[in-house]
Amino acid sequence: MLGLAFGGVRSARRGVGSDVASTREYRPGDDVSWMDWAASAKVSAARGTDEFIVKERFADEAPRVVVLADRRPSMSIPASPLRPLDKPRALLGALDLIGASAIAARSLTGYLDYAEGEPYWRPPRTEHRAEPGTFEREYRAPDDTVSCGLEFLGEHRRDLPTQAFVFVLSDFVVPPDLAVWQRALENRWELVPVIIQDPIWERTFPDVRGISVPYAEPASGRVVPIYITRREAEALKVEHEERWQRLIDGFRSLGIEAVAVHSHDLGAMLDAFLRWADLRLMWRVAIA
């Protein structure tokens, strides 16, 4: 995200970078800044002649970025007088923020979803932003769309080298299959779950006992009034809060920190991504 430097990933190629790959004898045209003066002095003393040794470095490259978008029916729920989060707007807002940040870092960007039940795959082979309307797609993906998407990406490792960023945008109301996530981590990608959940009705549940609440069926859009008792409201509150905690704990057990999105406001979404970026930076410094 913001502040991500170009060249944050070490390439297998030689070039301009920060990590030393090897040393060799000086060749005409080599930059003087590449000189390894200590090694040059040792070789010169051993041979009794003036010898110059330079450092070869790994080239630094920008990471590739892929977004896996969950387009199950529950991700199509808009905002309402009772519901503050507009999920489709939040999904598009997250895509916009990630895309802008990737372009600023000169990263190649890609996209994957199962909106029609089959993979819609745009490999990360360009730095350019997608054309308007590219992400205006249906919400008919299957329940296992995230797992299918991660396994699909695993079969396309040529387009996703190590240290690629894979942002997974979902409400994760369908719990993630952590075994699939663990296999994806073995590809040495940086997996970033972006949890798009309504703060009132999904992360927890309000005290709406004794009244009828209009519920919309995501797949059809049909609205039905539901009467909720005090006991049912309390049970749903506990269930949703426990589900949220299991979700966060499950990701952290894999060493993954999620981005928690509770609003479709771009400023609030940017704050959520920046909090994730700060945590990521602290973890990298602590590990180093």
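A residue counts as buried under 20% relative accessible area, as exposed over 50%, and as partly exposed in between. In this predicted model, tyrosine 26 has a relative accessible area of 36%, so it is partly exposed. Tyrosine 26 sits in the loop between β2 (20-25) and α1 (37-47). Together with Val32, Trp37 and Phe52, Tyr26 makes a nonpolar surface patch of about 430 Å².

Histidine 240 belongs to helix α5 (residues 230-253). Its relative accessible area is 9%, so histidine 240 is buried. A polar atom of the histidine 240 side chain lies 3.1 Å from the backbone oxygen of threonine 204. Leaving out residues up to four places away in sequence, histidine 240 touches Trp201, Glu202, Arg203, Thr204 and Phe205.

Side chains of opposite charge can pair when their charged atoms come close. The whole structure holds 18 salt bridges. One of them joins aspartate 113 and arginine 71 (3.2 Å, N to O). Aspartate 113 lies in strand β5 (residues 109-113) and arginine 71 in the loop between β4 (65-69) and α2 (87-104), so the pair ties together parts 42 residues apart in sequence. Aspartate 113 is buried, at 0% relative accessible area. Arginine 71 is also buried, at 0%.

A salt bridge also forms between aspartate 171 and lysine 87 (2.7 Å, N to O). Aspartate 171 is in the loop between β7 (165-170) and α4 (178-185), and lysine 87 is in helix α2, 84 residues apart. Aspartate 171 is buried, with a relative accessible area of 0%. Lysine 87 is buried too, at 0%. Lys87 and Asp171 are part of a salt-bridge network that also includes Asp70, Arg72, Arg83, Asp198 and Glu202.

Note on methods: Residues are numbered from 1 along each chain as its sequence is written. This is a predicted model: local features need pLDDT of at least 70, side-chain atom pairs count only at pLDDT 80 or more; totals for chains, interfaces and linings use all residues. Side-chain values use heavy atoms; hydrogens and water are left out. Patches are made of residues with over 30% relative accessible area and no salt bridge: like charges are joined within 9 Å, nonpolar side chains (Val, Leu, Ile, Met, Phe, Trp, Tyr) within 5 Å. Accessible areas come from the Shrake-Rupley method with a 1.4 Å probe; for residues, only the protein chains shown count as cover. A salt bridge is a side-chain nitrogen of Lys or Arg within 4 Å of a carboxyl oxygen of Asp or Glu. Helices (H or I, at least four residues) and strands (E, at least two) are DSSP runs, numbered from the N terminus. Buried means under 20% relative accessible area, exposed over 50%, partly exposed in between (1.4 Å probe, protein chains only). A polar contact is a pair of N or O atoms within 3.5 Å; within protein, one must be able to donate a hydrogen and the other to accept it, and residues adjacent in sequence count only if both atoms are side-chain atoms. Contact means heavy atoms within 4.5 Å.
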